[in-house]
Amino acid sequence: MSHRNYSEKIKEISGVNPYKCMKCGKCSATCPSYNEMDIKPHQFVSYVLNEDIEALADSKSLWKCLSCFACVERCPRDVKPGKLIDAARQIVVRERGGDYLSADEIPELLDEELPQQLLVSAFRRYKR
Amino acid sequence: MPLTENEFRPKIVAFCCNWCSYAGADLAGSSRLSYPADVKIIKVPCSCRVNPMFILRAFEKGADGVILCGCHPGDCHYSTGNYYARRRMTLLFSMLDYLGIEKGRTRVEWVSAAEGVKFSQTMNEFVEKIKSLGENVRLGDLRCKN
Amino acid sequence: MQRIGVFVCHCGSNIAATVDVKKVVETVLSEPGVCHAEDYPYMCSEAGQMKILEAVKEKKLTGIVVCSCSPRMHEATFRKAAERAGLNPYMVEIANIREHCSWIHKDMEEATKKAVILARAAIAKVNLNTPLQAGESRVTKRALVIGGGIAGIQTALDIADAGYEVDIVEKTPSIGGRMSQLDKTFPTLDCSACILTPKMVEAAAHEKINIYTYSEVDKVTGFVGDFTVDIRKKARSVDSAKCTGCGVCQEKCPSKKSLNEFNRGLNTRSAIYTPFAQAIPNVPVIDRDACIKFKTGKCGVCEKVCQAGAIDYNQKDEIITEKYGAIVVATGFDTIKLDNYDEYAYNQSKDVITSLELERIMNAAGPTKGHLERLSDGKAPKEMVFIQCVGSRCSDNRGKSYCSKICCMYTAKHAMLIRDKYPDVNVTVFYIDVRTPGKNFDEFYRRAVEEYGVNYVKGQVGKVAPLPNGKLLVQGSDLLDNKQILKEADMVVLATAIEPEASVRQIATMLTASIDTNNFLTEAHPKLRPVESPTAGVFLSGVCQGPKDIPETVAQAGAAAVKAIGLLAKDKLTTNPCTAKPDELLCNGCSQCANVCPYGAITYEEKEVNDHGIRETRRVAQVNGALCQGCGACTVTCPSGAMDLQGFSNRQIIAEVDAICR
Amino acid sequence: MQELVNRAKELLANGTVQRVLGWKAGDMAYNPEPSYFESEADLSEFVYDAFCGANLSKYMIEASKKEGKTLVFLKPCDSYSFNQLLKEHRVDRDKAYIIGVGCKGKLDIEKIKKEGIKGIESISGIGMEDACDTLKIGTLYGDKECSYQDVMLERCHVCKGKDHVVFDETLLESRDTVDSERFHEVEKIEKMSPEEKFQFFQKELSKCIRCNACRNVCPACSCRKCVFDSTKFDSAQKANVDPFQEKMFHIIRAFHVAGRCTDCGECSRVCPQGIRLHLFNRKFIKDINEFYGDYTAGEDINQEAPLTHFEFSDREPNEERG
């Protein structure tokens with residue numbers, strides 16, 4: 001796939017119109033993983049718009065996003081950076097193939113403190 | 001969209017009230033929001049001016065779809081016109097449906113003067129819908145022609 | 001048979017680039033009734049209009065079709081041209097081949113085809129046009145201003161100064177509006193009350209101005225030049241004629257727990273109260289929901305202490321019916337509710353406040369007597385954070401899509417005032433953009449940064465969290481530094497979006513004035529008629545039309561006044577001739593049309609008619625042409641087709657349908 | 001029946017009324033026709049039996065213009081039509097003396113003929129004093145019998161009720177005749193596919209010969225001049241010039257009487273081609289009831305009519321039924 005196609009694919013999966021972003025930075029202000037990210041949430045949009053998906057795919061941010069969706073919740077423009085990065089992640093996972101998490105491993109990983117939601121998002125992230 | 005041969009181009013009549021929807025169509029124009037040329041607009045002072053006879057007439061003369069646009073309920077320039085139009089059209093459309101004229105061929109949409117985008121979207125959708133229904137052959141004459 | 005001339009406008013390249021105008025001219029020549037067709041680069045120009053005049057003369061035209069821009073743009077122009085040529089102006093029809101054709105289609109062949117069809121429909125209509133004569137109606141030389149804020153006051157003063165009677169209807173107990181709640185005003189930092197109070201006094205003292213406070217508009221009927229309005233004077237429970245404004249009743253009132261609306265609910269007031277010291281009129285009202293006398297029947301303290309004997313518990317709402325020629329809406333704004341914005345902790349912490357609340361805190365007459373302090377513990381703040389665009393510029397459904405326009409400037413004002421009065425307080429402003437178009441506005445903002453050391457950070461705040469130590473943790477981002485910022489603040493001020501006062505929707509409905517999805521009243525034209533409503537005789541002043549600061553509001557208030565004066569100065573108005581007209585011979589007298597007429601324009605009378613030699617008395621519909629606004633509701637209700645609408649007759653519309661479907 | 005004649009004679013004699021509007025015996029037992037009776041002598045031809053289906057209320061429009069009062073006999077369903085005309089100011093209540101007459105269901109001669117009974121010479125068992133269970137029919141081919149109920153008019157099977165909504169006095173007993181669901185037929189059509197619906201109505205309407213009987217008999221079609229006869233809509237009745245009205249006649253007519261039609265069933269009764277015209281009107285009635293609450297035209301003259309009234313919360317035209 002060309003860069004353009006990747007970019008379109010991200011828009012399609014996420015259902016986000018990145019042009020709506022007004023660059024207010026509320027997503028970055030909201031993000032709990034901000035300090036661990038190399039590309040910051042408010043920058044996701046420009047990577048998609050500039051069709052620089054490779055950089056986004058190679059970024060640490062892809063795997064640092066907790067999918068907490070605070071940015072999705074608070075974005076005043078319905079741009080939802082969390083969905084964009086989620087889409088980028090899905091593309092990478094699809095391309096890479098293989099499962100990074102099998103259901104058999106779950107019991108071992110279970111922890112009283114662990115929110116159920118995390119399992120769901122882990123499956124979304126690490127399994128085809 | 002250039003004209004291509006054999007492509008079905010529906011005839012669509014749009015009645016627009018002067019105060020909201022006609023202005024909405026103007027705004028769609030000045031904002032260059034395109035919709036198919038199949039749509040031809042007739043200006044009426046208010047949606048309540050549209051007599052069911054006009055709609056039947058359009059179908060009889062070969063229209064494939066008729067849409068009526070007026071101010072949003074509550075925003076009628078004449079206060080109440082669109083409420084009457086709403087009842088009339090509800091009954092007329094239901095009757096046409098009863099006679100076998102698919103419901104998708106008739107539509108009422110409330111479009112304000114500020115809703116150029118909605119106007120254009122509505123017309124795009126409506127034309128698509130009519131294209132999917134194909135040519136209207138039913139109301140040309142409700143009786144057997146031979 | 002009409003003799004119709006068709007004039008196709010190029011509109012420069014606006015039309016001609018997409019529509020083959022020559023082909024349109026050529027094609028329409030074969031339409032029935034058409035005996036002349038030509039094209040011209042700008043039909044609306046003087047030279048273009050001359051083309052019409054010449055053709056009418058040479059070809060003895062009886063009807064005209066102009067294929068051009070929207071009739072909303074130039075129908076009036078071409079009607080006047082026809083009149084100059086000696087034709088009845090209503091013998092003109094416009095085919096809208098710009099907004100409805102050339103601007104939305106790209107393919108020339110297709111656009112040209114459509115233009116021809118639109119022209120054909122207009123020609124079919126003109127073939128059935130008949131000359132129409134506009135009637136006349138009288139103008140009541142009195143104006144109504146709804147809303148007594150700075151917009152309403154200024155409009156009323158300007159109209160009154162021109163010599164016309166004006167009534168102001170204000171729903172709160174005093175005129176003054178939002179401006180009376182402000183402490184200082186930008187960009188000059190002068191005191192709001194100091195410049196507003198003289199205007200309030202001037203309005204109250206003006207012999208042509210009559211103020212109804214604590215009153216609301218109940219009902220509006222009629223039309224431009226001749227509105228009839230019912231004003232509900234709510235029971236004040238105090239006789240304005242007797243009250244001296246001494247204030248003893250308020251001091252002695254034992255019920256003191258009602259939230260003080262004027263101070264945005266930051267402190268309390270008595271049940272009998274005047275909203276603020278400079279209130280006009282200086283006559284208190286009794287809040288009957290809070291008053292012990294009204295709740296339990298026992299108390300009556302105010303009555304006992306009032307030496308003027310002005311307290312009247314039995315006062316009732318009074319309806320005043322008055323006629324007006326013009327109505328100006330100046331209903332103003334309020335800040336939005338912040339219930340949807342949990343992340344800013346407005347409902348969790350007393351130290352998160354709106355900017356309007358800060359105005360009251362900074363004001364000497366406010367809840368803290370003008371001392372900047374935290375409402376939670378009364379301590380002086382050291383770190384203050386201002387958050388911009390709270391609820392503004394939001395395209396999600398939590399806030400408003402528009403920019404509230406005034407926040408950037410008043411936040412700079414607040415920051416500057418705080419740094420000036422309390423130099424030890426650090427002030428940080430989180431902004432998305434700083435918007436300062438306006439005379440001396442950007443200079444003002446720059447002074448806040450350069451002279452007063454206000455810390456502006458580009459980046460919206462994501463979250464405000466109350467901490468156990470009583471402080472507020474502000475989590476923001478600095479987009480230019482690419483850093484996330486965590487700041488412990490003592491107070492957070494939210495630049496809350498403004499929205500039209502909630503009552504405006506009801507008022508707009510009564511006036512049949514249109515309103516947009518944000519509840520702002522719609523102007524007749526966004527650029528060229530910004531202070532008029534599309535509803536004739538209704539004018540817009542202030543924020544009810546869109547966000548504005550004080551100078552803009554005052555300018556618009558003056559403009560609305562001028563438009564109203566222009567109307568009031570006329571003795572007679574010409575009425576829309578496109579009114580309903582019954583055919584007496586076809587009328588059944590069934591009254592269905594009268595049932596649907598929103599204007600009460602249809603009456604019935606027993607009338608002798610001559611129906612092809614049969615003379616008899618029949619019950620027939622009569623239309624009052626001055627009342628009829630030409631909606632056409634009656635025409636469709638009429639089962640016999642006796643009622644028709646001039647200018648939009650059944651036959652005309654059917655001819656258009658036929659032309660389009662041909 | 002004699003009671004009616006006696007009462008009419010009284011009212012004529014004491015000057016209460018100037019004339020009587022009732023039914024006159026026809027040339028056959030099954031075709032009495034509406035008639036004025038000016039004198040006692042005229043009344044010898046008066047008849048009221050199971051074939052007096054004709055709704056006399058529309059004649060009261062003309063009668064209202066005449067000198068003095070007219071005595072009119074109205075069956076329960078006819079009284080709805082009269083009331084509706086009253087609401088539309090088309091009849092003058094002061095010019096009418098209304099005797100509400102009882103009804104045991106009226107008969108459809110076409111249905112009798114469909115039973116295979118031909119050459120009818122006489123029919124008995126149709127008087128108001130009869131049991132009205134079985135008809136005894138004398139024909140050229142001998143005596144026949146058939147069930148009264150089986151040959152009743154369609155409208156009587158779905159009767160609105162046997163109470164008069166307007167009257168000065170009532171005479172004769174009624175009998176409940178309802179044995180069908182009023183909207184059953186309409187519902188059946190609603191369930192068809194668009195193509196089936198169209199086929200159905202095309203078949204029905206292809207029978208139409210545009211004789212205008214439905215329009216002429218309809219009490220709601222009381223316009224001084226029908227739109228189909230005027231030039232106001234370019235829909236005038238000029239054959240081959242503009243066929244618009246030809247094609248749309250029944251739809252337009254149904255819309256014109258929507259909210260005003262009392263479902264008196266006269267249109268279907270008089271149609272010489274047997275078109276079930278009530279299927280149009282009843283569809284509107286069903287929709288009105290469903291969308292805007294139960295409404296029976298003519299029942300209460302002070303009630304707001306559905307098409308000249310609205311609620312802010314009315315349904316949207318595009319909404320799917322359900």
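Two residues count as in contact here if their C-beta atoms, placed from the backbone, lie within 7 Å. This is a predicted model, where local features need pLDDT of at least 70, side-chain atom pairs count only at pLDDT 80 or more, and totals for chains, interfaces and linings use all residues. Residues are numbered from 1 along each chain as its sequence is written, while chains are lettered from A and ligands numbered from 1 in the order in which they are written.

**View 1. Where chain D meets chain C.** Here 15 residues of chain D are in contact with 17 residues of chain C. On the chain D side, that's 4 nonpolar, 5 polar and 6 charged residues (Ala, Val, Leu, Ile, Met, Phe, Trp, Tyr, Cys and Pro count as nonpolar, Asp, Glu, Lys and Arg as charged, and the others, Gly among them, as polar).

**View 2. Where chain C meets chain B.** In this pairing, 44 residues of chain C touch 45 residues of chain B. Helix 18 of chain C brings the largest share of the chain C side, 8 residues. By class, the chain C side has 20 nonpolar, 14 polar and 10 charged residues.

View 3. Helices (H or I, at least four residues) and strands (E, at least two) are DSSP runs, numbered from the N terminus. The buried residues of helix 3 of chain C (20 or more other C-beta atoms within 10 Å of their own, C-beta atoms being placed from the backbone) include Phe78(C) and Arg79(C). They pack against helix 1 (21-30) of chain B, together with helix 2 (46-59), strand 3 (63-68) and strand 4 (92-96) of chain C.

Key. A residue is buried if 20 or more other C-beta atoms lie within 10 Å of its own, exposed if 12 or fewer, and partly exposed in between; C-beta atoms are placed from the backbone.
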